[in-house]
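Hi,

Here's the structure I said I'd pass along.

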Amino acid sequence: MFRIQLMFRIQWAITLTLLWGMTGLAAAQGNQSALEEGQRVFDKQCGGCHSIQARVQRAGPSLYGVVGRSAGKLPGYEFSTVLRQADFVWTPEILDVFLQDPAAMLPGSFMVFWGLGDPQREQVIRYLKSVSAEE
């Protein structure tokens, strides 16, 4: 009887270990797929005006490293007065509000954009965070 219980516990432990490993793999794949979706939305909605390469400015400033950057303070880009006078750091929470309706948050900004819906904002912010984390 003890041997049967021991075998059952070993099989249960192996099953749990395998399930835990598959969950981690699925989470990693899900995260990669979410980043790819964020990149797709960025390329389609933002990439025409913004680059994610350091020091590459287009009509809008480079968004490389934007998460954690002070608003309106990127050398080499001429920001609108409202952004030059802004006193905040781009956090995921602030980006979420801004990307919902840029003109409402920063009237007078040069950015001409109607905003993104809920899932697209989250995807783009996650992508921008990943770009900001790269060294």
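**What turned up**

Phe88, Trp90 and Phe98 form one aromatic cluster. For pairing, ring centres of Phe, Tyr and Trp (its six-membered ring) have to lie within 6.5 Å; planes under 30 degrees apart count as stacked, over 60 as edge-to-face and the rest as tilted. The structure holds five aromatic pairs. One of them joins tyrosine 77 and phenylalanine 79, edge-to-face, at 4.8 Å centre to centre with 70° between the planes. Tyrosine 77 and phenylalanine 79 are both buried (under 20% relative accessible area, with exposed being over 50% and partly exposed in between; 1.4 Å probe, protein chains only).

Before you read on, some ground rules: this is a predicted model, so local features need pLDDT of at least 70 and side-chain atom pairs count only at pLDDT 80 or more, while totals for chains, interfaces and linings use all residues. Residues are numbered from 1 along each chain as its sequence is written, and side-chain values use heavy atoms, with hydrogens and water left out.

Overall, the protein chain has five helices and zero strands (DSSP runs numbered from the N terminus: H or I of at least four residues for helices, E of at least two for strands). Of its 135 residues, 31% count as buried.

Now the core. The largest nonpolar core has 24 residues, and Phe42, Trp90 and Val124 touch the most other members. A core here is a set of buried Ala, Val, Leu, Ile, Met, Phe, Trp, Tyr and Cys residues joined through side-chain atoms within 4.5 Å. α1 (2-45), α3 (92-100) and α5 each supply at least two residues of this core, and the largest share, five residues, comes from α5. Leaving out residues up to four places away in sequence, valine 124 touches Gly38, Val41, Phe42, Leu99 and Leu116 (contact means heavy atoms within 4.5 Å).

Serine 109 is also worth a look. You'll find serine 109 in the loop between α4 (102-105) and α5 (118-133). Is it buried or exposed? Serine 109 counts as buried because its relative accessibility is 17%. Its side chain reaches the backbone nitrogen of methionine 111 at 3.1 Å, a polar contact (a pair of N or O atoms within 3.5 Å; within protein, one must be able to donate a hydrogen and the other to accept it, and residues adjacent in sequence count only if both atoms are side-chain atoms). Serine 109 also touches Ser80, Val82 and Leu83, again not counting residues up to four places away in sequence.

Cheers
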